[in-house]
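Please give a short briefing on the structure below.

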Amino acid sequence: MSTAPHPGAPAAPGAAAARRGAPATASRPASHPSKATDRALPIEARGLVKRYGEIIAVDHVDLTVEAGDVYGFLGPNGAGKTTTLRMLLGLIRPSEGSVRLFGRDPIADGIQALEGVAGFVEAPRFYPYLTGQKNLELLAAYDGGGAATRIEEALETVGLTARRRHRVGGYSHGMKQRLGIAAALIRRPRLLLLDEPATGLDPGGMRDMRALVRRLADEGMTVLLSSHLLTEVEELCNRVAIVRAGAVVHEGMLIDLLAAAAGGYRLETTDDEVALGLARAHAGVSDADTGPGGLTLRAEREAVAELTLELAAHGVGLHALTPSRPGLEELFLRLTESP
Ligand code: ATP
């Protein structure tokens, strides 16, 4: 796991991973840190670019995460999610652009910018031969300021109290993910950044992870969550950014995204082939197609009413006409796969 760097934690695997890719300044407070204010946005990224030679991993990404948001960061494999999270956490330096976490720059201000911020990038990594509790104690020692007193609470929150004295090497994937969150929680973050926390979990593990994130959000934590699991994002997040080939193709309230995509209908008719021909020729109807569930199309209400009359006039009966509200998955595919 690349964690948000714990101050001076070179030995712990999580922290070590965090520091490997980190610029030299990431763990050193700058002499003139930028000013953090209570009213500053948890995350404000502007024009973020990351190039690896010819590859543009992240291409002018803007992100605004407000206090209380559960922000879904979505995109297909290779879209640039992890690279963006690494830049947000100050683990790698942007080629262009800026990041502010509560008003502070994680590159220029180093560890000070991560006050109140925690999270992990990619899979959690801990010392496998130490217990979950011991791993957390090591990380807490770097954090100081009472982090050790929060270990019990963090283990309880993620449901690992009963297994705290077991070696991490014997933990399941889901338990390691939850220990990763516990490691973040001992820092008592106001902002939590999680890179695909439920990836690889079984359905029960996903449900538990979802419930955990929901609980943290209900307690007032701001969360940025990258995910492939669209139902999870649909259930948890109030705002989303959808990235494709390094660039944001949609950003905004999830509810607005879903509403804007409404206007779809599904028809079951006595003759879908004839109905399809009529629908395609009808003004105001678009995206008409047939599938196992019948005929699908997009249209304004009036155009749908006119089409039903036309179907009747051509002897095509209607078994069902259902407005379909596309799920996030359909929108995601539309936004990330259309030419
Ligand atoms: P996934 O969902 O598969 O984890 P992602 O959206 O997190 O993908 P990134 O891991 O950020 O995507 O990768 C974005 C692009 O940048 C990919 O083309 C990847 O190969 C490239 N990339 C990332 N890190 C490096 C690196 N260190 N060197 C070269 N290319 C890199």
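This is a predicted model: local features need pLDDT of at least 70, side-chain atom pairs count only at pLDDT 80 or more; totals for chains, interfaces and linings use all residues.

Residues are numbered from 1 along each chain as its sequence is written, and side-chain values use heavy atoms, with hydrogens and water left out. The protein has 11 helices and 14 strands; these are DSSP runs numbered from the N terminus, with helices being H or I of at least four residues and strands being E of at least two.

**Whole protein**

- Of the 339 residues in the protein, 48% are buried; buried means under 20% relative accessible area, exposed means over 50%, and partly exposed lies in between (1.4 Å probe, protein chains only).
- The accessible surface comes to about 15,400 Å², and carbon and sulfur atoms hold 51% of it. Accessible areas come from the Shrake-Rupley method with a 1.4 Å probe, and for residues only the protein chains shown count as cover.
- Taking contacts between residues at least 6 apart in sequence, 70% join residues at least 24 apart; a contact means heavy atoms within 4.5 Å.

**The sheet with β2, β3 and β5**

- Strands of a sheet pair through backbone hydrogen bonds, either parallel or antiparallel.
- Three strands form an open sheet in the order β3-β2-β5, with antiparallel pairing; two strands pair if DSSP finds at least two bridges between them.
- The edge strands are β3 (55–65) and β5 (96–100), each of which pairs on one side only.
- On average, neighbouring strands of this sheet are turned by 20° against each other, direction ignored.
- Eight bridges join β2 (residues 43–52) and β3 in the antiparallel sense, and the bridge partner of L48 in β3 is V61.
- Helix α2 (residues 81–88) lies across β2, β3 and β5, and runs at about 120° to β2. Axes are lines fitted to C-alpha atoms, for helices over the stretch in contact, and angles run from 0 to 180 degrees between N-to-C directions.

**The ligand**

- Which residues surround the ligand? They are Y52, A57, P76, N77, G78, A79, G80, K81, T82, T83, E196 and H228, where a residue is near a molecule if one of its heavy atoms lies within 4 Å of it.
- Helix α2 gives the largest share of this shell, three residues.
- A backbone N or O atom of A79 is 3.0 Å from an oxygen atom of the ligand, and a polar backbone atom of G80 is 2.9 Å from an oxygen atom of the ligand.
- T82 has a polar side-chain atom 2.8 Å from an oxygen atom of the ligand.
- On its own the ligand has 630 Å² of accessible area, and the protein covers 61% of that.

**The sheet with β11 to β14**

- Four strands form an open sheet in the order β12-β13-β11-β14, with antiparallel pairing.
- Its edge strands are β12 and β14 (318–324), and each pairs on one side only.
- Neighbouring strands here are turned by 20° against each other on average, direction ignored.
- Strands β12 and β13 (residues 294–299) run antiparallel and are joined by five bridges; the bridge partner of D289 in β13 is T296.
- Helix α9 (residues 272–281) packs on the sheet and touches β11 (264–269), β12 and β13. The direction of α9 makes about 165° with that of β12.

**Single residues**

- D289 lies in strand β12 (residues 285–291) and counts as partly exposed because its relative accessibility is 39%.
- Apart from neighbours within four places in sequence, D289 is in contact with L276, R280, G294, L295 and T296.
- D289 and A279 are 10 residues apart in sequence, and their C-alpha atoms are 8.9 Å apart in space.
- D287 is also placed in strand β12, and D287 is exposed because its relative accessible area is 55%.
- Phi of D287 is near 55°, a positive value in a residue other than glycine.
- R188 has a positive phi too, near 45°, and is a residue other than glycine; R188 sits in the loop between α5 (173–185) and β7 (191–195).
- Leaving aside neighbours within four places in sequence, Q133 is in contact with I151, L155, R164 and R165.

Methods: A polar contact is a pair of N or O atoms within 3.5 Å; within protein, one must be able to donate a hydrogen and the other to accept it, and residues adjacent in sequence count only if both atoms are side-chain atoms.
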